[in-house]
Amino acid sequence: MKYLTLASFILTFFVINSVTSQEIAILKYGGGGDWYSNPTALPNLIRFCNQNIDTKIKDKPETVAIGSVAIFQYPFLHMTGHGNVFFSNEEAQNLRTYLLSGGFLHIDDNYGMEPYLKRELLKVFPDKQLEELGADHPIFSQKYKFPEGLPKIHEHDGKRPQAFGYFHEGRLLLLFTFESDLGDGWEDPSVHNDPEAIRLKALQMGANIVAYAFKS
């Protein structure tokens, strides 16, 4: 229970800090998956948000380990990757405490992490189920309107894009975007050679997620 005990000591700080703080960190996890993929994605999204939705996020996001109390310094965590994901029981409890205390986690499947992620999320919320967000959810109608819900950025298996979430007392505390690959759309133009219209769509959806997380 070490992580839970430590987390309880800084819970008051986290709740107060998250009211005014606008910071994002990359979540580092175990299992061998490439948590560090898409290195230009989040800086580009942050720049877009600061220019278009009046945020004041630091240009370079920090990296925090899932089992560290440092996650409580950031109201918004971003997680991505392609392969295996593993949470120890202590790490899962630390993340659960963070989310139930007011934190927000966006997980963007960069292709291939979904089966491993769902297995590990059962450790975090054994009492909850991922729920699919309908196109009428407010996250799709912040500054930018997505009347059909999550946009398709990259094709992988030809499946439709889906957004799933965990809710607690009406609050969306974890968003999992699947078969969309928003992060690839946030990358520098030279990385995937996406048309500008596709990159813009990805950045706008990302900005909606950021706006929603900081307002909720």
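This is a predicted model: local features need pLDDT of at least 70, side-chain atom pairs count only at pLDDT 80 or more; totals for chains, interfaces and linings use all residues.

Which residues does Lys159 touch, not counting those up to four places away in sequence? I found Lys152 and Glu179, with contact meaning heavy atoms within 4.5 Å.

Residues are numbered from 1 along each chain as its sequence is written, and side-chain values use heavy atoms, with hydrogens and water left out.

Next I placed Lys159: it sits in the loop between strand S5 (131-132) and strand S6 (162-168); strands are DSSP runs (E, at least two residues), numbered from the N terminus. Lys159 counts as partly exposed because its relative accessibility is 45% (buried is under 20%, exposed over 50%, partly exposed in between, with a 1.4 Å probe and protein chains only).

I then turned to Gln142, which lies in the loop between S5 and S6. Is Gln142 buried or exposed? At 13% relative accessibility, Gln142 counts as buried. I noted its contacts beyond four places in sequence: Asn208, Ala211, Tyr212 and Lys215. A polar atom of the Gln142 side chain also lies 2.8 Å from the backbone oxygen of Pro138.

Last, the cavity. Glu179, which Lys159 touches, turned up again in the lining of the largest cavity, along with residues including His156 and Phe178. I logged about 40 Å³ of space there.

Note on methods:
Helices (H or I, at least four residues) and strands (E, at least two) are DSSP runs, numbered from the N terminus. On a 1 Å grid over the protein atoms alone, a cavity is a set of points where a 1.4 Å probe fits but cannot get out, and a pocket is an open set with protein on both sides within 12 Å along at least five of seven lines; lining residues have an atom within 4 Å of a point. Grid points are joined across faces, edges and corners, and a volume is the space filled by probe spheres set on the points. A polar contact is a pair of N or O atoms within 3.5 Å; within protein, one must be able to donate a hydrogen and the other to accept it, and residues adjacent in sequence count only if both atoms are side-chain atoms.
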